[in-house]
Amino acid sequence: MTLEWDAAEYEVLSGPQTGWGLNLLGRVLEDRPLGGDESAIDAGCGTGRVTEMLLERLPRGSVLAVDASGAMIEAARRRFAGDGRVRVERVDLLQLEVEEPVDLIFSTATFHWIKDHEKLFGRLARALKPGGWLVAQCGGAGNISRVTRATEEVMGEERFRDRFVGWEDTKEFADPGTTRARLEAAGFGEIQTWLHEEPTRFGSVEDLARYLKTVVLRLHLERLPEADQEPFTQAVAARVAAVEDPPVMDYVRLNMIATRGRE
Ligand SMILES: C[S@@+](CC[C@H](N)C(=O)[O-])C[C@H]1O[C@@H](n2cnc3c(N)ncnc32)[C@H](O)[C@@H]1O
């Protein structure tokens with residue numbers, strides 16, 4: 001299971017992710033419109049903001065919303081209480097198993113949190129009907145390089161260094177070529193993979209620090225005693241703002257569309 005999230009903060013701060021999810025849905029469904037009665041999985045649903053937009057396209061369909069975080073699942077369950085189209089389940093995507101394969105797997109801002117993409121894509125392929133499709137977006141090669149650089153510098157500071165001995169980043173910012181090959185190996189066809197940039201500006205260093213704490217630095221902050229968490233976050237935010245102020249996060253998104261082959 002992955003780390004816990006502050007679901008209430010994520011709900012407030014996830015405007016960028018929600019916007020990217022909406023754009024991806026719009027773009028994909030222009031080429032491949034839904035009938036409205038399909039079954040879908042939202043893989044890594046978070047609090048359900050993006051799931052809600054998917055559901056608007058499925059008035060007679062169903063969505064299985066899964067996430068590894070208990071806090072996110074609680075928030076999503078509250079959001080969809082009483083909506084008979086939605087089932088919300090706490091599941092690690094690396095262990096995903098479904099009784100009935102679905103027509104569509106949709107996922108946003110999740111796959112880069114999972115290191116083993118080969119295993120992930122294998123699980124997803126098995127959860128799809130033959131001819132079903134995967135539409136996903138996550139952090140890709142070069143994603144948030146300013147934050148990564150700033151974080152490494154702060155981790156190397158005398159006051160924090162000891163806490164990060166043996167640190168290994170477990171995120172996976174993959175490139176389109178590698179992702180295509182991994183999808184092919186998992187049995188997908190008609191594959192499209194590409195990167196696009198989503199530079200995201202924050203109003204102030206304080207706004208950026210709040211966002212970093214909730215979304216980006218959670219794994220780092222786990223290593224630190226409470227008293228060090230705020231100074232660490234502030235130091236990273238200040239370094240990002242030193243590049244450009246108001247600060248910008250240089251997001252790069254990896255998109256993938258693929259169909260599960262027919263046997
Ligand atoms: C940044 S949030 C994205 C949520 C939502 N899709 C959105 O776009 O706002 C990433 C989510 O991925 C989930 N996640 C990370 N690793 C996971 C795994 N192995 N299995 C299931 N969910 C996972 C986290 O719990 C978190 O809710």
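What follows is a chat about the structure above.

Visitor: Before we start, what kind of model is this, and how are residues numbered?

Guide: It's a predicted model, where local features need pLDDT of at least 70, side-chain atom pairs count only at pLDDT 80 or more, and totals for chains, interfaces and linings use all residues. Residues are numbered from 1 along each chain as its sequence is written, and side-chain values use heavy atoms, with hydrogens and water left out.

Visitor: Okay, let's pick helix H4. Which of its residues are buried?

Guide: H4 covers residues 70-80, and its buried ones are Gly70, Met72, Ile73, Ala75, Ala76 and Phe80. Buried means under 20% relative accessible area, exposed means over 50%, and partly exposed is in between (1.4 Å probe, protein chains only). Helices (H or I, at least four residues) and strands (E, at least two) are DSSP runs, numbered from the N terminus.

Visitor: Is Ser69 buried or exposed?

Guide: Buried, with a relative accessible area of 0%. Ser69 is in the loop between S2 and H4. Leaving aside neighbours within four places in sequence, Ser69 is in contact (heavy atoms within 4.5 Å) with Leu3, Glu4, Trp5 and Arg90.

Visitor: What follows H4 at its other end?

Guide: Gly82 follows H4, and its phi is positive, near 90 degrees.

Visitor: Which residues other than glycine have a positive phi?

Guide: Ala109 is one of them, with phi near 55 degrees, and Ile144 is another, at about 40 degrees. For background, most residues other than glycine have a negative phi, and most peptide bonds are trans.

Visitor: Where are those two?

Guide: Both are in loops: Ala109 between strand S4 (102-108) and helix H5 (117-126), Ile144 between strand S5 (128-139) and helix H6 (145-155). Ala109 counts as buried at 16% relative accessibility, and Ile144 is buried too, at 5%.

Visitor: New topic. How many residues are in the largest nonpolar core?

Guide: There are 34, and the members touching the most others are Val147, Tyr211, Leu212, Val216, Phe232, Val236 and Met249. H1, H4, H6, helix H9 (205-216), H11 and S7 each supply at least two residues of this core, and the largest share, 7 residues, comes from H9. A nonpolar core here is a set of buried Ala, Val, Leu, Ile, Met, Phe, Trp, Tyr and Cys residues joined through side-chain atoms within 4.5 Å.

Visitor: What does Met249 touch?

Guide: Not counting residues up to four places away in sequence, its contacts include Ile144, Val147, Phe202, Tyr211 and Leu212.

Visitor: How many aromatic pairs are there in the whole structure?

Guide: The search finds 8. One is Phe202 with Tyr211, a tilted pair at 4.8 Å centre to centre, with 55 degrees between the planes. Both of those residues are buried. The rule is that rings of Phe, Tyr and Trp (its six-membered ring) pair if their centres lie within 6.5 Å; planes under 30 degrees apart count as stacked, over 60 as edge-to-face and the rest as tilted. Ring pairs also link Phe160, Phe164, Trp167 and Phe232 into a cluster.

Visitor: Last one: what does strand S4 pair with?

Guide: S4 pairs in the parallel sense with strand S1 (residues 39-43) over 3 bridges, and with S5, also parallel, over 6 bridges. Two strands pair if DSSP finds at least two bridges between them. Leu104 in S4 is the bridge partner of Ala40, while Val102 stands opposite Leu128 in S5. S4 is mostly covered, with 6 of its 7 residues buried.
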